[in-house]
Amino acid sequence: MTRRINLRQIEAFKAVIEHGTVSRAAEMLNVSQPAMSKLIAHLEEDAGLRLFDRVKGRLAPTRRGMRLYEEIDRIFAGVRQVENAIDTIRRDEQGRILIGVMPALSGSFIQQATAAFLARQPGVFCSIQSRSSQWITDGLVTRKLDVGLVIAPIDNPYIVAEPMMGQPVVCILPLGHPLAAKAVIVPADLIDVPFISFDPESHTSQRVASVLKAHGVELDPAMIVNVSPTLCEFVAAGVGVSLVHPLIVGGLREKLAIRRFEPTIQLDFQLCRLRDSRNARLVDAYLDVTREAAAAISRTIIAEA
C-alpha cells in the first residue's frame with residue numbers, strides 16, 4: 001500500500017537543505033541521525049524522486065530536489081505569514097520590529113545584534129526572517145519588514161541602504177589542498193580546479209564571474225548551492241574550492257584553508273530600512289546595535305587576515 005507523504009518527512013527534507021548536513025538537520029529537529037536518514041529515504045521512496053545525490057557521505061540536493069524545496073519554501077512562507085499575523089494581533093500593545101536577514105548573516109551575527117538590542121529595549125517583540133535579498137527587499141516595500149540585511153545593492157526610492165562589513169572575497173579550500181600552499185590565490189590558479197558556486201544569478205556569483213572573465217578564466221562550477229553553510233561544508237569535504245565573503249565562513253574556520261585572492265573583489269552587505277519607518281525609534285535603535293556588531297566582526301576579520 002502506497003504511503004502518503006507526511007509533514008515530518010517534509011520538515012526533515014527542508015531541514016537538510018537549509019542546514020547542509022543530516023547531522024545538523026537532526027539536531028535542529030531533535031531526532032537521531034538514523035531517524036533523519038530514514039525520513040529522507042521514505043520521502044524519496046514515497047515521492048518516486050531522487051532528491052539527493054550522495055557525495056562522499058554527504059547529501060547534495062539534485063535539480064528535482066531543489067525544485068521541490070522551492071515549492072515547499074513557498075508553502076512554509078505562507079504559513080509564516082499567518083503566524084506573523086497572529087503574533088501581530090497578540091502584540092498590538094507592544095513595540096515590535098520585523099527583521100529580514102539573508103542566510104549568510106542569520107547565525108551568530110544576527111543573534112549578537114538582536115541580543116544587544118533586546119538588552120537595551122526590554123519588552124520589544126522581534127521577528128526575524130532568513131530569506132533571499134529579493135524577498136527582503138519586497139518585504140520592506142510592502143511593510144512586512146522594518147529592517148533588512150542583504151548583499152545585493154538595492155536601487156529603490158523607498159529604501160535607504162548603507163554598506164556594512166565591506167570585505168574582499170577570500171578563497172576557501174579544503175585543508176591539505178595543493179593551492180593551500182600559496183599565500184595568495186589568483187584567477188589562473190582556478191583553471192581546471194573543481195569550483196563550488198552560489199546561484200549564477202546571485203550578486204556574489206556575478207561579481208566573481210565578471211572579474212574572472214576579465215582575466216581570461218571562465219569557470220564551469222562542479223556544484224551550485226544557495227545556502228552559505230552548505231557551500232562551506234562541501235568545500236571542507238573536499239568537493240571543490242570557492243570565493244566568498246569571509247564573514248560567511250563562520251564556525252567552519254578550523255575546517256577550511258582560507259587564502260587571500262587577487263585581484264580584490266569587494267563585497268558589501270547592505271543595511272536597509274524604509275525612508276518613512278512606522279516605528280522609527282525602534283528601527284534607529286536596531287540599526288545602531290547592528291552597526292556596532294558589524295564593526296566588532298570587521299575588526300576580528302582584519303586582525304585574523
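Predicted model: local features only at pLDDT ≥ 70, side-chain atom pairs only at ≥ 80, totals over all residues.
Local features here need pLDDT of at least 70 and side-chain atom pairs 80 or more, while totals for chains, interfaces and linings use all residues. Residues are numbered from 1 along each chain as its sequence is written, and side-chain values use heavy atoms, with hydrogens and water left out.

Student: Which strands stand at the edges of the four-strand sheet?

Tutor: Strands are DSSP runs of E, at least two residues, and helices are runs of H or I, at least four, numbered from the N terminus. Two strands pair if DSSP finds at least two bridges between them. The open sheet runs β8-β12-β7-β11 with mixed pairing.

Student: In β11, what is the bridge partner of Cys171?

Tutor: Strand β7 covers residues 170–174 and runs antiparallel to β11, joined by three bridges. In β11, the partner of Cys171 is Leu243.

Student: Now the five-strand sheet: in β5, what is the bridge partner of Ile99?

Tutor: That open sheet goes β4-β3-β5-β13-β6. Strands β3 (96–101) and β5 (147–150) pair in the parallel sense over three bridges. The β5 partner of Ile99 is Val147.

Student: Is Thr62 buried or exposed?

Tutor: Thr62 sits in the loop between β2 and α4. Buried means under 20% relative accessible area, exposed over 50%, and partly exposed in between (1.4 Å probe, protein chains only). With a relative accessible area of 9%, Thr62 is buried.
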